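Reader: I am new to this structure and would like to learn how to read it. Would you kindly take me through it, feature by feature?

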Amino acid sequence: MPSHSTPRVSIQTADFDLSAEVAALRAKDPRVGAVCSFVGTVRDRTAGEPGTIASMELEHYPGMTEKSIEAMIDAAQQRFDIFGARVIHRVGLLQPLDQIVMVAVTSAHRGESFQACEFLMDYLKTQAPFWKKEQTPAGARWVDARVSDDKALAKWGIALENTSLNAPD
Amino acid sequence: MKVTVKYFASIRETIGVGSEQRETQASSLAALRDELIALGGAHAESLARGRAVRLALNQVMCDESAELVEGAEVAFFPPVTGG
């Protein structure tokens, strides 16, 4: 079984080591036949404007952030036949090329891990309380939420909207 | 009753504080939002109807019909942009 010493969710300013996290997630668990991971990184551009993002500040809602992601992992475990899951999200000041988010999932076979990993990212993008503020040559700007992220969550049959005026839950 | 109201991101910046204690008679989050809008100024600007504002009650996302209870922690924030 996965070690109980490793939390499922970490919100931190520090960077993370994907290899070490994956090793810990599958350690001593011979049921595991598949590990799927996703890492999101900071880009220096939006919509084809290279070099326009000098840095990015990540704000979150301490307490709710952890609780909401724990609930998403519970939902993933209900929905998919997976063993373990680990989510790390960085906050504070980040630079282009920095790692920002990691999701890793273990299962017996690849299909469940691939699906659960994508499900967790789709859920997190629209339902976890994080906000990005970009520093650009024109000044600081809060990043707009994307309708395409709501559509990504909708494909799992979850009708929670982030971008609409009256977001239903 | 007393409630704690939290603001995040652009709403926090506009209002100028991240958290405030409020005495309210509002029975729902919609009524609390109306009370805050009625304060005018930055509250009215950032929480105005017609803006995409998301809400949480006791750290769970909810809609405005949610019932307000003594000691509740209510949060107002823009659509989230993590990941």
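Reader: What scores does the model have, and what pLDDT does chain B average?

Author: pLDDT is the predictor's confidence in each residue, from 0 to 100. Where pLDDT is low, the predicted coordinates should not be read in detail. Chain B averages a pLDDT of 97, and 100% of the residues score at least 70. The model scores ipTM 0.96 and pTM 0.94.

Reader: How many helices and strands does chain B have?

Author: Chain B has three helices and five strands, and their pattern along the sequence is β-α-β-α-α-β-β-β. The radius of gyration of chain B is 12 Å, close to the 12 Å that the globule rule gives for 83 residues, so chain B is as compact as a globular protein of that length. The radius is taken over C-alpha atoms, and the globule rule is 2.2 Å times the number of residues to the power 0.38. Buried residues make up 39% of the 83 residues in chain B. A residue is buried if 20 or more other C-beta atoms lie within 10 Å of its own, exposed if 12 or fewer, and partly exposed in between, with C-beta atoms placed from the backbone.

Reader: Which residues of chain B have a positive phi although they are not glycine?

Author: Most residues other than glycine have a negative phi, and most peptide bonds are trans. Among those with a positive phi are B:Ala9, at about 55°, and B:Asn58, at about 50°. B:Ala9 is found in helix α1 (residues 9-15) of chain B and is buried, with 24 other C-beta atoms within 10 Å. B:Asn58 is found in the loop between β3 (54-57) and β4 (60-62) of chain B and is partly exposed, with 16 other C-beta atoms within 10 Å.

Reader: In what order do the four strands of the open sheet in chain A stand?

Author: Strands of a sheet pair through backbone hydrogen bonds, either parallel or antiparallel; two strands are taken to pair if DSSP finds at least two bridges between them. In chain A the order is β1-β4-β6-β2, and the pairing is mixed. β1 and β2 (34-41) of chain A stand at the edges, each with a single partner strand, so one side of each is left without a neighbour in the sheet.

Reader: How many bridges join β4(A) to β6(A)?

Author: Six bridges join these antiparallel strands, β6(A) being residues 99-107; A:Arg86 has A:Ala104 as its bridge partner in β6(A). β1(A), residues 9-12, pairs with β4(A) in the parallel sense over four bridges, and A:Ser10 stands opposite A:Ile88 in β4(A). Eight bridges join β2(A) to β6(A), which run antiparallel, with A:Phe38 opposite A:Val103.

Reader: Is strand β4 of chain A mostly covered or uncovered?

Author: Strand β4 (residues 82-90) of chain A is mostly covered, nine of its nine residues being buried. One of the residues in this strand is A:Ile82, which is buried, with 23 other C-beta atoms within 10 Å. Leaving aside neighbours within four places in sequence, A:Ile82 is in contact with residues including A:Ala76, A:Val105 and A:Ala116.

Methods:
Residues numbered from 1 in each chain as written. Chains lettered and ligands numbered in written order. Predicted model: local features only at pLDDT ≥ 70, side-chain atom pairs only at ≥ 80, totals over all residues. Helix = DSSP H or I, 4+ residues; strand = E, 2+ residues; numbered from the N terminus. Contact = placed C-beta atoms within 7 Å.
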